[in-house]
Amino acid sequence: MRLFVLIAGNFFVATSFLSVGGLLSDISTSLQIPIGQAGLLIAAFGIAAAVCAPTLATLGSRIDRRKLLTGSMAICALANLLAALSQSFEHLMLARVLAAVTSAVYTPQVAATLSMLMPEKERAPVLAKLMIGWSVGAVLGNPISVLIASVSSWRMSFAFIGIASAVIAFFIWRSVPPNVMVPPLNWVRWFQVLRSPALRWLTAATALTNMGSAVMMSYIAPIVKSVQGIAGAALALLLFTAGGGALLGNLLSVRMVRRFGATLVAYRCNISSATMLLLWPLFSFWAATIYVAQFLWSLGSSGFPAVQQARLVAVAPMLAAATIALNSSVTYLGMAVGASIGATAWTLVPPRFMSWVGFVFVVGALACSILGERAAQRETAASSS
């Protein structure tokens, strides 16, 4: 029951973060602002979360995990309700920055909490299961928001996320035991993280992976509308299709981690993502094949966040609270930078070829992932000698 509740929390945190991508056209029309300006909501959220993740991980390291996780979900509820009530771009921007606090705290700290509660042998598969909530939220929460907006308004989408987050906050309080603590974070532990070549390369891989994805996914609604006129319920169906691929991909990744290890699964995710980004323009010539492309992209790439967390914990278990917070920070920073690059690319590159911009970053991520694994092997050999 506890794992299910925490997974649900990750689902709504991801939905809160990524729902704007599917609502971009609706928000642009409603607030009478350009698409590029609306896209800044994604970038601002990502930058705020990137700054807050390591800061709040340090300041909150001495707080009981039940209070910390419950409080972060309560903030998620408040922020999304404020977004639903916002009457201007500036008000919506402030609500999105407040929502970023939740993402900065909940996702990394729920993983760090579970890593303290689970035996070492069970950490990788349990953390992989935990991140199913995030990955599914990234692709199922988004179409749910689009579907609600298509029958009502984008404001009702944010209201739904806010109410659901309040319910999850209640269940987190009931399911997480009191007095669960993680090792306190201070500047010494951050120095230990930053001086490790393996951790630096692995976090760089996270940043580049998310930059590559965000270039495309932050603007998926206007992209598919431009190339094939996909919008409204058809857009929601496209995102649901991608969600099915992500769910299946995550389930397969959990099983593959046990058999092949987190590193090989991470390589597979990067290679799959790069391949689909390279081929996406070919799929985009027909509306039906765009659905196939999004399914295959999600199927192949969706397991990366979970296995990447498992790799970081394996390199330095006692630094898990710091490394996972840093990983979340560069995740959001990568998405913010990717969304900003996407805003520029939207004005320079034909929509059909936006995916090629993302392809460059994902290839770079694969290179960093390989270098990080080699550095981790050298660090392990040095510590055992």
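1. In which helix does Ile163 lie? Ile163 belongs to helix α7, where helices are DSSP runs of H or I with at least four residues and strands are E runs of at least two, numbered from the N terminus. At 54% relative accessibility, Ile163 counts as exposed, since exposed means over 50% relative accessible area, buried under 20% and partly exposed in between (1.4 Å probe, protein chains only).

2. The model is predicted: local features need pLDDT of at least 70 and side-chain atom pairs pLDDT 80 or more, whereas totals for chains, interfaces and linings use all residues. Residues are numbered from 1 along each chain as its sequence is written, and side-chain values use heavy atoms, without hydrogens and water.

3. The protein chain has 16 helices and zero strands. Its radius of gyration, taken over C-alpha atoms, is 19 Å, close to the 21 Å from the globule rule for 385 residues, so the chain is as compact as a globular protein of that length. That rule is 2.2 Å times the number of residues to the power 0.38. Of the 385 residues, 58% are buried.

4. Helix α12 (residues 262-283) has 22 residues and reaches 30 Å from first to last C-alpha, close to the expected 32 Å; the expected span is 1.5 Å times one less than the number of residues. A kink of about 35° lies at Leu277 in α12, shortly before the proline Pro281. The bend is the angle between axes fitted to the seven residues ending at a residue and the seven starting there.
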